Structure formats: C-alpha cells, structure tokens
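Please read it with the sequence and the 3D view at hand.

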Amino acid sequence: PNKAMHIGHLRNSCIGDTVARILRKNNYEVEVQNYVDDTGVQVVDTLLGLEEIDKEKPEDQPFDHFCWDIYAEINSRMKEDRELQDKEEELLRKIEERDPSVAERARSTAKRIVNAHLKTCENFNIGFDLLVWESDILEAGFWNQTFEELKNKDNFTLKDFGPQSGCWVVETDSDEFSDKVFVKSDGTATYTAKDLAYHRWKFGVMDEDFKYKEFDDPTLEKQPWSSDMEEGNEEEDFGEGDRVVNVIDISQRYPQAVLKKSLESLGYEKQAENFRHLKYAMVFLSLPTAEKLGVDIIEEKDQYSISGRRGIGITVDDLLDLITERVEEEFEGEEYEEIKEEEVDDQDIAAAAIRYHFLKYDSLKPVVFDLEDSIQVLGDTGPYLQYSYARAQGILRKAKKEEYLQEDLVVPENLEDPEAHLIKLLTLFPDKVKQCGDDLDVNTFTDYAFDLAHGFNYFYEEAPVLGSEGDRKEFRLFLVKAFSYTMKNLLDILGIIAPERI
C-alpha cells in the first residue's frame with residue numbers, strides 16, 4: 001500500500017475474488033483476506049518521498065495517485081544519492097523495531113492508500129472480509145510464539161559454523177530446497193519466518209489471535225474487518241481454515257514453495273497438504289501502449305514491464321475512466337436499439353470488460369496488456385456476456401406482456417440444431433462449477449461462459465422465439481428462461497453485473 005493500484009494488481013484481485021466466488025458456489029465457507037504489507041521497503045520509500053520531496057498534492061489528484069508520483073521520484077533520486085539510501089535503511093530499521101514515531105506514520109499513510117484501493121476494488125465488485133496488517137503480526141507476537149515452539153523441533157537448528165553461523169535455520173532435508181534461514185545472525189526474522197507464523201494462525205494452530213475492529217469507512221458499500229492491535233477491541237471468528245489458497249504472482253513461486261516445505265518439515269503435514277499457491281503470470285504493456293505512456297521504446301521490444309519505481313504503468317482508476325468513455329461510444333449504434341429501453345451504468349459495462357479481460361487468459365501465461373484490445377466490447381468479452389443476458393431478458397419481458405408463458409411444457413420430439421446445441425451447453429453448468437472449484441482454473445470458466453453466450457445468440461438468430469407458435473414457442477421461451485438463469489449465475493461467479501437492459 002504505497003501507491004495507486006495498477007493493472008498488475010488488478011489481475012491478482014480479479015483472480016482471487018473469482019476463486020472465492022466459485023468456492024462459495026461449491027458450498028465452501030470462504031474468508032477473503034487482504035494481506036497489507038505496511039512494514040516493507042515500498043512503504044518506507046513512499047514515506048521517505050513524502051518527507052524529502054517538496055511537492056504539494058494537486059487538489060484534484062487522489063492521494064494514492066500522488067504517492068505513485070512521489071514513489072517513482074524518490075527511487076530515481078536514490079540511485080545517485082547515498083544519503084537518501086542511508087535514510088531509507090534507517091526508516092526500515094525503525095519500522096521493524098516498531099519505533100512509534102515511524103510505525104504510526106507508516107500505518108497512517110498505508111491506511112489512506114488502502115482506503116483508496118478498497119474503493120477502486122468496489123468498482124469491480126471486489127470486496128474483502130479481513131485486512132491483515134503485517135505490523136499487527138509483529139505486534140501480536142505471532143513470531144515470538146512460533147520461534148519458541150520451533151526451537152523444540154529437531155530440524156530447526158542454530159548454526160555455529162559456516163556462512164550461516166549465528167542463524168536459526170529450517171533444515172528441509174530436500175534436494176530441491178536448500179536449508180532456509182528463519183532468523184538472521186542479527187536476530188531479525190526473515191519474511192518467510194513471519195509468513196510461517198501468519199500461516200500457523202490461518203490454519204488455527206496458534207494460541208495467539210489478533211484484535212479486530214471494523215475498517216470504518218462510510219464511503220464503502222461493504223465494511224471489511226481489520227486487524228488492529230492498538231485500537232481493536234472485538235473478538236471475531238477469523239482464521240482457523242481447513243484450506244489456504246494464496247493468490248500471489250509467479251515470481252513468488254520459490255518463497256511459497258519453501259513455506260509449504262517448511263510447514264511439512266516442521267510437522268504440519270496436514271496443513272502443508274492443504275496449502276496452495278495459486279500462481280499467475282505478470283502483466284506487461286504492449287509496444288503501442290508503452291509508446292502512448294511515454295515509455296522509452298528504443299529497444300523495440302514487443303512488451304514492456306510495469307514498474308512502479310519508474311512510474312511505468314496504468315492505474316486501475318484511469319483505465320476504468322478510459323474504457324467507460326469508450327463504452328459510451330460503442331453502445332450508441334443502431335444494433336443495440338432493440339434492447340436499449342433503459343441504459344445500464346456504463347461503468348458497470350466497462351468494469352465487466354476489464355475484469356473479463358484479466359480472467360480469460362490462462363493464469364500461468366503473461367498478459368500483454370494493450371489499451372485498444374482491452375476496450376473492445378464485442379467478441380470474447382464481458383460486455384458480450386452482459387449483452388446476451390440482456391437480450392434474453394428483453395425476450396422474456398415481451399413474452400410476459402403478451403402472456404405467452406404457461407406452466408405446462410411440451411418438449412418437441414424433433415429438436416432443431418440451435419435448440420439441441422443450447423440444451424447441451426446448459427447441462428454443462430453444474431460440472432463446470434465443480435471442475436473450477438476443484439482446479440481453480442478460472443479461464444476455463446470464462447471459456448464456458450463465452451461458449452454459452454455464443455450458443456444462445458446462435459439460437460436467437462436461427463430459432464425465432466416470439467415468432468414461433470404453440471408448443472414450440474413455449475419450449476423456446478423455456479430455453480430462454482433457462483439460459484437467463486444460468487447466465488446470471490455465471491456472471492455472478494465472474495463478479496460481473498447482470499443488466500436487465502443495455
């Protein structure tokens with residue numbers, strides 16, 4: 001929480017939220033946590049920039065966007081300024097030692113940015129049950145309790161020779177993983193050590209607990225709870241999960257694998273078995289998009305990395321505004337007039353376009369983000385699903401007005417190809433829900449959603465509903481109702497608004 005969310009962060013949020021929805025649809029009780037790293041070097045750099053850079057925030061610029069500018073500028077200055085580098089190290093040390101003067105400023109700044117992140121996420125129908133702050137993990141004593149218990153484990157040893165002399169190390173007994181330092185020779189715990197303590201709490205094998213309070217932002221539709229060791233006074237039932245799914249990018253594959261191995265080697269075999277790192281590849285910028293953003297493209301590469309430190313990227317807020325404008329342009333055509341009796345919120349369509357764009361790719365493959373490609377609203381897109389659902393709703397509204405719907409249904413003996421094809425697609429829904437709940441491959445679910453929408457539109461074009469008669473009309477209306485019901489469920493799982501009209 002040191003700057004505005006960019007499109008790389010959004011891929012994480014879209015995948016995680018959809019996984020939570022698909023697990024709930026499979027009748028799991030799911031708790032969504034947002035891990036807030038308010039003690040790391042990124043937050044320190046933003047704090048340092050706010051102190052060292054003499055710049056006033058423009059009145060019309062959101063605070064998190066301003067912090068991105070500050071973060072990029074301070075990192076640029078630190079490359080050549082040893083004094084700033086020393087100040088960065090000093091701030092980081094004070095945060096780790098919980099120096100009140102620095103820790104409170106870090107928490108306050110991070111909270112303002114987290115607040116902005118939550119509002120950004122709400123625009124995409126993404127919410128959280130609990131915000132877990134890394135500073136609270138330190139304050140709650142999770143690591144101290146974990147450290148004392150680990151000392152009784154045979155494979156947790158204090159090295160007295162070699163390059164790891166003075167370090168506490170987990171011996172993994174593995175050819176794939178080297179022994180992992182948990183406590184450095186200066187006595188400070190590594191990130192993996194703190195993460196292990198956090199996961200012991202997640203799995204309910206920790207005696208200690210957080211204190212909690214509501215995040216308390218009246219502008220949010222859904223108030224998440226927050227860990228808060230200073231002001232929290234509530235006892236809430238968080239943690240103690242049977243399964244843990246960590247949605248973290250693929251660059252963290254090794255630390256996550258070490259964490260899993262550490263759980264296993266320290267005697268938490270069941271927890272290790274139920275631990276999953278849900279990996280996703282990074283988001284890059286296409287050459288045309290990088291050029292539009294002013295990135296140095298001398299190398300003429302096909303794709304360019306997003307870099308908060310260098311100020312390279314697209315904020316989620318700016319992207320949503322841009323695509324909302326494009327949606328307003330796209331949905332002015334005559335082809336939409338048949339169902340455009342009332343307008344749905346253009347931002348809901350834009351959010352569907354963006355969210356679906358990040359879900360439809362194999363999570364292990366990088367997304368090369370191109371502005372022009374992302375703002376298309378027809379084809380294999382979220383708005384196409386919304387359009388198909390709204391089209392079905394339009395048919396049903398007309399049918400009800402003309403009192404065509406009846407309770408008794410006669411299934412024709414000679415199904416036509418569009419009817420049979422739609423029926424086959426509809427019957428796949430329960431299996432697709434279960435499959436995705438098992439493997440968590442959300443892109444296979446978007447594939448199915450697109451196939452179903454395409455199948456319905458084929459049915460719509462080739463098998464007239466209101467223009468048919470008798471039992472055939474009633475049967476086709478039934479198929480429209482079945483499609484409408486199923487697509488609404490699909491859109492809900494994908495976190496996309498189902499509009500009655502477009």
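Helices (H or I, at least four residues) and strands (E, at least two) are DSSP runs, numbered from the N terminus. This is a predicted model, in which local features need pLDDT of at least 70 and side-chain atom pairs count only at pLDDT 80 or more, while totals for chains, interfaces and linings use all residues. Residues are numbered from 1 along each chain as its sequence is written, and side-chain values use heavy atoms, with hydrogens and water left out.

**Surface patches**

- Patches are made of residues with over 30% relative accessible area and no salt bridge, like charges being joined within 9 Å and nonpolar side chains (Val, Leu, Ile, Met, Phe, Trp, Tyr) within 5 Å.
- A nonpolar patch on the surface is formed by L409, V411, L415 and F478, which together have about 330 Å² of accessible area (Shrake-Rupley method, 1.4 Å probe, with only the protein chains shown counting as cover for residues).
- L409 sits in the loop between α15 (382–401) and α16 (417–427), and its relative accessible area of 35% makes it partly exposed (buried means under 20%, exposed over 50%, and partly exposed in between, with a 1.4 Å probe and protein chains only).
- A patch of negative charge on the surface includes E29, D207, E208 and D209, where Asp and Glu count as negative, Lys and Arg as positive, and His and the chain ends are not counted; the charge is placed at CG of Asp or CD of Glu.
- D207, in the loop between α8 (191–202) and β6 (212–214), is exposed at 71% relative accessibility.

**Helix α8**

- α8 has 12 residues and spans 16 Å from its first C-alpha to its last, close to the 16 Å expected at 1.5 Å a residue (1.5 Å times one less than the number of residues).
- Of the 12 residues of α8, 11 are buried, among them W201 and K202.
- G204, which follows α8, has a positive phi near 80 degrees.

**Salt bridges**

- With a salt bridge defined as a side-chain nitrogen of Lys or Arg within 4 Å of a carboxyl oxygen of Asp or Glu, the count comes to 29.
- R93 and E90 form a salt bridge at 2.6 Å, N to O, and both lie in helix α4 (residues 82–96), 3 residues apart.
- R476, buried at 5% relative accessible area, forms a salt bridge with E416 at 3.0 Å, N to O; because R476 lies in helix α19 (residues 470–493) and E416 in the loop between α15 and α16, the pair ties together parts that are 60 residues apart in sequence.
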